[in-house]
Amino acid sequence: MKTIQNLSKSVFVLLFLFVCSCSDDSDIPGDRATLLGRDLRECVMCCGGWLIEIGEEQYRFGPIPFSAMVDFENETFPVEVAVIWNPINGDCEDEIEVLNIQKIE
């Protein structure tokens, strides 16, 4: 009887460890997006910073949030990310504020 109990406990522990080790991108907060790289256009207004595609729209942002989990200087673009952001009501329609950004591995 103890062998069956020990076996069922072992199976339960192994199953529990397997389920816990599975990762899912759904636990990453924010919208899925593609970080495209620097905005290298030369102009007076509405350029510079970083380009990001969220859904079907392309936006621009800067500065990089302190909590960013992306190595902006050494990354190979494009990069799949999760981003928490807000629109900015200003002169530039494509500009957003990025509150947090995290690379999706």
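**Exercise 1.** State which residue in E5 stands opposite Ala-82.

Solution. Ala-82 faces Gln-102 of E5. Strand E4 spans residues 79–87 and pairs with E5 in the antiparallel sense over seven bridges. Strands here are DSSP runs of E, at least two residues long, numbered from the N terminus, and two of them pair if DSSP finds at least two bridges between them. The model is predicted: local features need pLDDT of at least 70, side-chain atom pairs count only at pLDDT 80 or more, and totals for chains, interfaces and linings use all residues. Residues are numbered from 1 along each chain as its sequence is written, and side-chain values use heavy atoms, with hydrogens and water left out.

**Exercise 2.** Give the strand order of the five-stranded sheet and name its edge strands.

Solution. The sheet is open, with antiparallel pairing in the order E3-E2-E1-E4-E5. Strand E3 (57–61) and strand E5 (96–103) each pair on one side only, which makes them the edges. From one strand to the next, the twist averages 40 degrees (axes are lines fitted to C-alpha atoms; angles run from 0 to 180 degrees between N-to-C directions).

**Exercise 3.** Is Arg-60 buried or exposed?

Solution. Arg-60 lies in strand E3. Its relative accessible area is 5%, so Arg-60 is buried (under 20%; exposed is over 50%, partly exposed in between; 1.4 Å probe, protein chains only). Leaving aside neighbours within four places in sequence, its contacts (heavy atoms within 4.5 Å) include Asp-39, Asp-94 and Glu-95.

**Exercise 4.** Which residues does Phe-61 contact, leaving aside neighbours within four places in sequence?

Solution. They are Leu-35, Gly-49, Trp-50, Ile-52, Phe-72, Ile-96, Val-98 and Ile-101.

Technical notes. Helix = DSSP H or I, 4+ residues; strand = E, 2+ residues; numbered from the N terminus.
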